[in-house]
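Me: Can you walk me through this one? I'll ask as I go.
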Amino acid sequence: MDRIAENLASIRGRIAEAARRSGRPAEQIALVGVTKYASAELIRPLIAAGCLDLGESRPQQLWQRAAALADLPVRWHMIGHLQRNKVRRTLPLTTLIHSVDSRRLLAEINKEAGEAAPVPVLLEVNVSGEAAKHGFAPAEIEPLLAELPDFANVSVRGLMCMAGLESGPEEARREFAALGGLRNRLRNACPPNATLDELSMGMSGDFEQAIEEGATIVRIGSALFEGIDD
Ligand SMILES: *Cc1c(COP(=O)(O)O)cnc(C)c1O
């Protein structure tokens, strides 16, 4: 399991280098270790190596793993599509929901927030325009920000995107730059329950480009588990 610690150290080094190129300290970039492909036995060594922010893209798997690892100080991130009927059970387990992709989901989170209010979330933006991708169209974000006072139990911390499936790293870079540009343009149009400080973008194949374009959170799965057969 030393390999996981090595992979983590190597990724942290690459994050620090990309942060330096973007003129920011490495501490300003959070790493979410995505465990969706990893078998349960590989997650404890990852946590032991110091990766305490973990992400899952399927709510049921997040619930299961949060329960199995309840003895450890993990901060869970919901990074995939969240169905409205799974909100109630997911909210108390998560530190940040990256993937708010509809008004109806936002309304459901607002309604279920309860003692967790205000619930920190990111708005997922479909920057590549691929029909199969979840997320708001970029043009929908500004009118949505204006409606946020109606969702007072939610705190919008920023934007999230995934690069297009077909996008190579440089095409991905243009998509990340578009998300950063959208954020910069709207940052001063935020109601009190939004800040847009966070940009969650970049995965194993493109996190360096994402950081260079302003990512504050990268979500990395397969690169953490490289070289490990299970
Ligand atoms: C799977 C997944 C990731 C991690 O992908 P890798 O390419 O394995 O790093 C990041 N974000 C989301 C939303 C995912 O579903």
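Me: Alanine 70: buried or exposed?
Reply: Exposed, with a relative accessible area of 61%. Exposed means over 50%, buried under 20%, and partly exposed in between (1.4 Å probe, protein chains only). This is a predicted model, where local features need pLDDT of at least 70, side-chain atom pairs count only at pLDDT 80 or more, and totals for chains, interfaces and linings use all residues. Residues are numbered from 1 along each chain as its sequence is written, and side-chain values use heavy atoms, without hydrogens and water.

Me: Where is the place of alanine 70?
Reply: In the loop between H3 and strand E3 (75–78). Helices (H or I, at least four residues) and strands (E, at least two) are DSSP runs, numbered from the N terminus.

Me: OK, H2. Which residues are buried there?
Reply: Leu42, Ile43, Pro45, Leu46 and Ile47, in a helix spanning 40–48.

Me: What do the buried residues of H2 pack against?
Reply: Helix H1 (2–21), strand E2 (53–56) and helix H3 (59–68). Contact means heavy atoms within 4.5 Å.

Me: And what is H2 followed by?
Reply: Glycine 50, with a positive phi, near 110 degrees.

Me: Switching to the ligand. How many residues surround the ligand?
Reply: 13, with a heavy atom within 4 Å as the cut-off. Lys36, Ser204, Arg219, Gly221 and Ser222 are the closest.
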